[in-house]
Amino acid sequence: MPDRNSEMAIPGGTAKLAGREVARIGFGAMQLPGPGVWGPPKDRDTALAVLRRAVELGVNHIDTAHFYGDGVANELIRTALHPYPENLALVSKVGAIRDSNGAFMPAQRPEQLRAGVEANLASLGVERIDVVNLRLVDEMPSGTPLPDSEKADLDSQLAEMTALRDEGKIGGIGVSNVTMEQLRAALPADLACVQNAYSLLDRSGEPLLDLCRNHGVAWVPYFPLGSAFPGMPKVSEHPAVVKAAAELGATPAQVGLAWLLAHDSGTLLIPGTSSLSHLEDNIATVGVRLDPATMEVLDGLHMAE
Ligand SMILES: NC(=O)c1ccc[n+]([C@@H]2O[C@H](COP(=O)([O-])OP(=O)(O)OC[C@H]3O[C@@H](n4cnc5c(N)ncnc54)[C@H](OP(=O)(O)O)[C@@H]3O)[C@@H](O)[C@H]2O)c1
């Protein structure tokens with residue numbers, strides 16, 4: 001397995017994202033808007049403080065989307081951090097919009113991808129977004145397949161993303177929620193990153209991670225802690241993770257994140273939180289070292305569960 005060595009100047013090291021080196025622990029903004037990623041935050045001052053503290057602690061990779069609260073996450077980022085630090089990589093995504101009730105609706109057609117990029121540029125207050133992920137959607141919120149009117153073939157979507165990159169509106173193209181087949185088809189677009197669900201407890205994306213590693217594409221797992229959504233196993237609650245954390249003097253979340261860092265050196269983390277103490281906890285993962293025996297136990301978890 002080829003190594004993806006990262007530089008160690010920043011604690012925890014860096015890895016490549018669209019031609020730049022970013023700290024391996026970044027920040028995901030999806031937990032900042034209100035419940036259901038909709039409407040204003042429950043505590044606006046804390047949401048702004050979380051963003052400012054993240055950057056103060058060395059985070060230079062923030063993941064967001066205009067559809068997080070229909071502009072709410074981007075407005076918070078802009079209010080907290082604009083004018084943005086030179087080294088801050090802002091990463092967003094297109095492919096969905098919200099309806100008036102907050103439901104995530106597909107917006108997959110090329111003209112909708114372009115409108116999504118324009119919405120992000122406006123709400124973030126920038127002329128160029130460092131990376132934009134094309135988030136693929138194949139069903140309606142009800143679980144029914146996309147109607148023909150909402151479908152777009154991958155080639156035409158990638159052609160639009162490439163045009164947006166050529167025009168300088170986006171710096172790099174990512175893909176999200178992709179299958180192996182879609183990832184293979186997208187690789188010729190010179191991808192900056194792939195965002196799929198993946199964690200210590202969900203290794204279903206392992207073949208895609210292997211492909212990213214082999215092509216030097218950053219792997220940016222979402223739901224690295226098991227998400228905020230009910231019904232999904234939480235990494236920090238797994239008994240083996242809790243036990244390892246107690247033995248190492250770390251927190252369970254740190255163990256889950258440290259495993260991701262140790263598993264692949266090109267992985268970039270974007271854990272999401274609305275809490276200052278959780279943010280600090282997550283960033284302090286850079287100081288957590290998993291010994292070989294602990295790694296072996298954690299590596300085996302997906303086989304046991
Ligand atoms: N490309 C895509 O389609 C896609 C999809 C989903 C998400 N994303 C991105 O990925 C990021 C990460 O995913 P996510 O936020 O959904 O899920 P996540 O990072 O797996 O987990 C977030 C949950 O973990 C809790 N948490 C965070 N730090 C913790 C800690 N140190 N100890 C205990 N609990 C902690 C948070 O609660 P508190 O707020 O209380 O800390 C929240 O409930 C998102 O923020 C978003 O930017 C991308």
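Colleague: Which residues in H3 do Asn 74, Glu 75, Ile 77 and Arg 78 in H2 meet?
Modeller: Helices are DSSP runs of H or I with at least four residues, and strands are runs of E with at least two, both numbered from the N terminus. Two residues are in contact if their C-beta atoms, placed from the backbone, lie within 7 Å. The H3 residues that meet those four of H2 are Asn 120, Ser 123 and Leu 124.

Colleague: What pLDDT do local features need in this predicted model?
Modeller: Residues are numbered from 1 along each chain as its sequence is written. In this predicted model, totals for chains, interfaces and linings use all residues, side-chain atom pairs count only at pLDDT 80 or more, and local features need pLDDT of at least 70.

Colleague: At what angle do helix H2 and helix H3 pack?
Modeller: Axes are lines fitted to C-alpha atoms, for helices over the stretch in contact, and angles run from 0 to 180 degrees between N-to-C directions. The axes of H2 (residues 72-81) and H3 (residues 110-124) are 8 Å apart. The angle is about 35°.

Colleague: How many residues in the contact of H2 with H3 are polar?
Modeller: Ala, Val, Leu, Ile, Met, Phe, Trp, Tyr, Cys and Pro count as nonpolar, Asp, Glu, Lys and Arg as charged, and the others, Gly among them, as polar. The contact has two nonpolar and two charged residues, and its polar residues number three.

Colleague: In what order do the strands of the open sheet lie?
Modeller: Two strands pair if DSSP finds at least two bridges between them. The sheet has seven strands and parallel pairing. Its edge strands, each pairing on one side only, are S3 (27-28) and S11 (218-219). The order is S3-S4-S5-S8-S9-S10-S11.

Colleague: How many bridges join S8 and strand S9?
Modeller: On one side, S8 runs parallel to S5 (residues 89-94) over four bridges, and Val 94 has Leu 134 as its partner in S8. On the other pairing, Leu 134 has Val 175 as its partner in S9, while Ile 129 stands opposite Ile 170. S8 and S9 (residues 170-176) are also parallel, and their bridges number six.

Colleague: How many residues of S8 are buried?
Modeller: A residue is buried if 20 or more other C-beta atoms lie within 10 Å of its own, exposed if 12 or fewer, and partly exposed in between, with C-beta atoms placed from the backbone. In S9, six of the seven residues are buried, so S9 is largely enclosed by the rest of the structure. S8 is also largely enclosed, because its buried residues number seven of the seven.

Colleague: In S11, which residue is the bridge partner of Cys 193?
Modeller: S10 (residues 191-195) and S11 pair in the parallel sense over two bridges. The partner of Cys 193 also belongs to the core residues with the most contacts. That partner is Ala 218.

Colleague: Which residues come nearest to the ligand?
Modeller: A residue is near a molecule if its C-beta atom, placed from the backbone, lies within 6 Å of it. The shell has 10 nonpolar, 15 polar and four charged residues, and its largest share, three residues, comes from H9. Of the 29 residues around the ligand, the nearest are Gly 28, Met 30, Ala 228, Ala 253 and Gly 272.

Colleague: Is Asn 177 buried or partly exposed?
Modeller: Most residues other than glycine have a negative phi. Asp 70 has phi near 55°, and with 21 other C-beta atoms within 10 Å it is buried. Asn 177, in the loop between S9 and H5 (180-186), has phi near 60°. Because Asn 177 has 18 C-beta neighbours inside 10 Å, it counts as partly exposed.

Definitions and conventions: Core = buried A, V, L, I, M, F, W, Y, C linked by C-beta atoms within 7 Å.
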